Amino acid sequence: MAASLKSPIVQSKQIAKQISDHHTEVVVNKFEDHLFIIASQYMKMGTILQVTRDILTHDIQDNIPMFSTKVLLGKDEPITHVMAKTIVTALNPLVPVIMSLAIKDTSPDTVHSITDMIKSCL
Amino acid sequence: MDMTPSICITDFSENILDKSIHFKIIRLEQSFFVWVGSKPMLSNMAVAMPATYGQIPAVSTLFGAKLEQISESLAQKLAKKYKCQVFVSCSVPFDANLSVLIEKRLAQELNQIFPSS
């Protein structure tokens, strides 16, 4: 019983907001080797992506992070990659990201609001 | 404006065979995610969905090593029992005795979360 009372080994933070009439929820799980982010307007996992940082030399990269996205499960549509890259570039995490996206409204404003929600959970 | 979240996260730990095993269950709509591990790593992930025809749920590994297939078999069992999409990430090294005890402890917790099943 005592073990259950301690703070969990993997920290999870969640937040729920109304973004342009859609109930939106974000869950961020901080694993040591991955960041597992759920961003959902359907309360489901939806499309699951893996986002990894590209390795480039410092001269070429010029401090601008580049990321590769790969759809692991779900619809492999260009918009999904765009959303994942936009969000992860803004977060600039040190570890690879596993991202679950189930978004009704893919407008830039919504994606930026979701990014802010994820940032508040980091 | 902040709203009340409907996604439920349950964390618990248990000492099983002298190992401290940690669990995380994230309950979504008509699906849930289970993580089991002794270290805070997300080394693999499997997904299982109940089959439309037949008894055995369809299962696949999304990323990570599928060696030993602990995550896959656990996902399959849970998808069959709860008749929904299940995501499982289990990074505990394979041990026949340990796996049984982990499944038992997990079932105990899931039965509280889904009392109807």
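Start at Cys121(A), which is buried because its relative accessible area is 3%, the cut-off for buried being under 20% relative accessible area (over 50% is exposed, in between is partly exposed; 1.4 Å probe, protein chains only). Keep in mind that this is a predicted model, where local features need pLDDT of at least 70 and side-chain atom pairs count only at pLDDT 80 or more, while totals for chains, interfaces and linings use all residues. Residues are numbered from 1 along each chain as its sequence is written, chains are lettered from A and ligands numbered from 1 in the order in which they are written, and side-chain values use heavy atoms, with hydrogens and water left out.

Back to the cysteines. If a disulfide is a pair of cysteine sulfur atoms within 2.5 Å, then the tally over all chains is zero. Cys121(A) is in no disulfide, and the nearest cysteine sulfur to it, that of Cys8(B), sits 16 Å away. Cys84(B) isn't in one either: its nearest cysteine sulfur, again that of Cys8(B), is 14 Å off. Cys84(B) counts as buried because its relative accessibility is 12%.

Now for the place where the chains meet. Chain A and chain B bury about 2,900 Å² between them, 69% of it on carbon and sulfur atoms; that's the accessible area (1.4 Å probe) the two parts lose on being put together, summed over both. Chain A puts 31 residues into the contact and chain B 30 residues, with contact meaning heavy atoms within 4.5 Å. What about salt bridges between chain A and chain B? The count is zero, taking a salt bridge as a side-chain nitrogen of Lys or Arg within 4 Å of a carboxyl oxygen of Asp or Glu. Polar contacts do turn up: ten residue pairs across the interface, both at pLDDT 80 or more. These are pairs of N or O atoms within 3.5 Å; within protein, one must be able to donate a hydrogen and the other to accept it, and residues adjacent in sequence count only if both atoms are side-chain atoms.

Arg105(B) counts as buried because its relative accessibility is 13%. Its side chain makes a polar contact with that of Glu109(B), at 3.0 Å. Setting aside neighbours within four places in sequence, Arg105(B) is in contact with Phe12(B), Glu14(B), Ile16(B) and Phe23(B).
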